[in-house]
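Please look over the sequence and the model shown here before reading the briefing that follows.

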Amino acid sequence: MKQRYYRVRADILDPVAPDRCRWIKDGELVFGRDGTIVHCGGRWDPRGRPVTAVAVPARSIVMPGLVDCHSHLSQYHVRGRGGHALLAWLRNYVFVEEARFRDKRYARTTAKSYYRKLLARGVTSVALYANYREGVLAAFREAERAGIRATIGYTLMDRGVPRPLRQPPRRALAECADILARTADGPHRLRFALNPRFALACSAAFMAEIGAFARRHRLHIQTHLAENLDELAAVRTAFPGARDYTSVYDRFGLLTPRTLLAHCIHLSDRERALVRDRGCGVVHCPSANMFLHSGRFPMEHWRGYPRLGLGSDVGAGPSFAMFDVMRDGYFVNMQSLERLFHLATLGGAAALGMGDVTGSLVPGKQADFLVVGIKESNRDSRRDILSDLIFKHDQRRIEKVFVAGREVFSA
Ligand SMILES: [Zn+2]
């Protein structure tokens, strides 16, 4: 039987490289029923093959789905709580809230609402932190229902946090093995990750076991690195023999090509070189960094690094909308709008190790894309289009969202 194809006709914005994107006026995106893109460019000749047109509102553009490389599902209800820097903010708002995720029902209703918000804002791929076995399984179940692409991590802690959040390492890793077994046959869109929260919340023995477990099962790892100066000082006290913060993680085998490191603000040249050598994904979270007054991500040191993405860092970041995070990225570091667009799409996908799956609209990748209505824009200038998307939220409206060719949101 012939495969059926789906065609979307609109102006198309697509990242090609950092600082470069293509703008295809009156273009066409075509994908098969299996969700794989077969064409993106000018008009496609179906040569007798069956094609269904996807209806889109006038003056819409098509662009890849947005990639959020760092977010905390369990902080959904405490986002936007200001007045503190990192460590006090964790103590005052976050730990109390995360402890609630042991309740299966609470975890499930929160996850459902969280994914709905992400999709409505055009996020088609997310890397997140969840808490407890129950919370992680709820995050998987609801992600499967929502149709989103997600890397779902179990937040691992055995010290430095309130007792209800601490886990004996052996039990935590037994739970990880159980989650792995239960989710192995699920959709490929969903991946399990180990998330040692940060060096202050994990003992040396626990980090060593997490590193070994991740290596054995070829799992992704997510953690925080060098977000705040008080955190750096506390890490120095907790690991007096370590050369620096980055080497703490390296010693336990936590820096791999499947590792995502959020923040990376206060690093030395040597530490940045180590992160590069290990091939880790680096996640810049401008909104959260401004919100907690953590410092400025030094973009100038990461130019040309292929695995650099953006993260909302909800709840330190108050917004789920990656367009808002791109705007904040501009405020933190003056940079081209094309570069911000790349970070939130193709760069993010590469940071997640999914650059061959999503992040841009090229044949062979999955059809993860958005249909965005933009009012009164100058359609002859890609700069104007980018500026409307990033800075003028009243000018843009996300009309439809597709993941792997399946419509997962409609306004
Ligand atoms: Zn975070």
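What share of the contacts in the chain with a separation of 6 or more comes from residues 24 or more positions apart? Such residues account for 75% of these contacts, a contact being two residues whose C-beta atoms, placed from the backbone, lie within 7 Å. This is a predicted model, in which local features need pLDDT of at least 70 and side-chain atom pairs count only at pLDDT 80 or more, while totals for chains, interfaces and linings use all residues. Residues are numbered from 1 along each chain as its sequence is written.

**Overall form**
- The chain has 411 residues, for which a compact globule would have a radius of gyration near 22 Å, and the chain's 21 Å agrees with this; the radius is taken over C-alpha atoms, and the globule rule is 2.2 Å times the number of residues to the power 0.38.
- Twelve helices and 16 strands make up its secondary structure elements, these being DSSP runs numbered from the N terminus, with helices (H or I) of at least four residues and strands (E) of at least two.

**The open sheet**
- Eight strands form an open sheet in the order β6-β7-β8-β9-β10-β11-β12-β13, with parallel pairing, where a pair requires at least two bridges found by DSSP.
- Because β6 (66-72) and β13 (308-310) each have a single partner strand, they stand at the edges, and one side of each is left without a neighbour in the sheet.
- Strand β12 (residues 281-284) runs parallel to β13 and is joined to it by three bridges; valine 283 has glycine 309 in β13 as its bridge partner.
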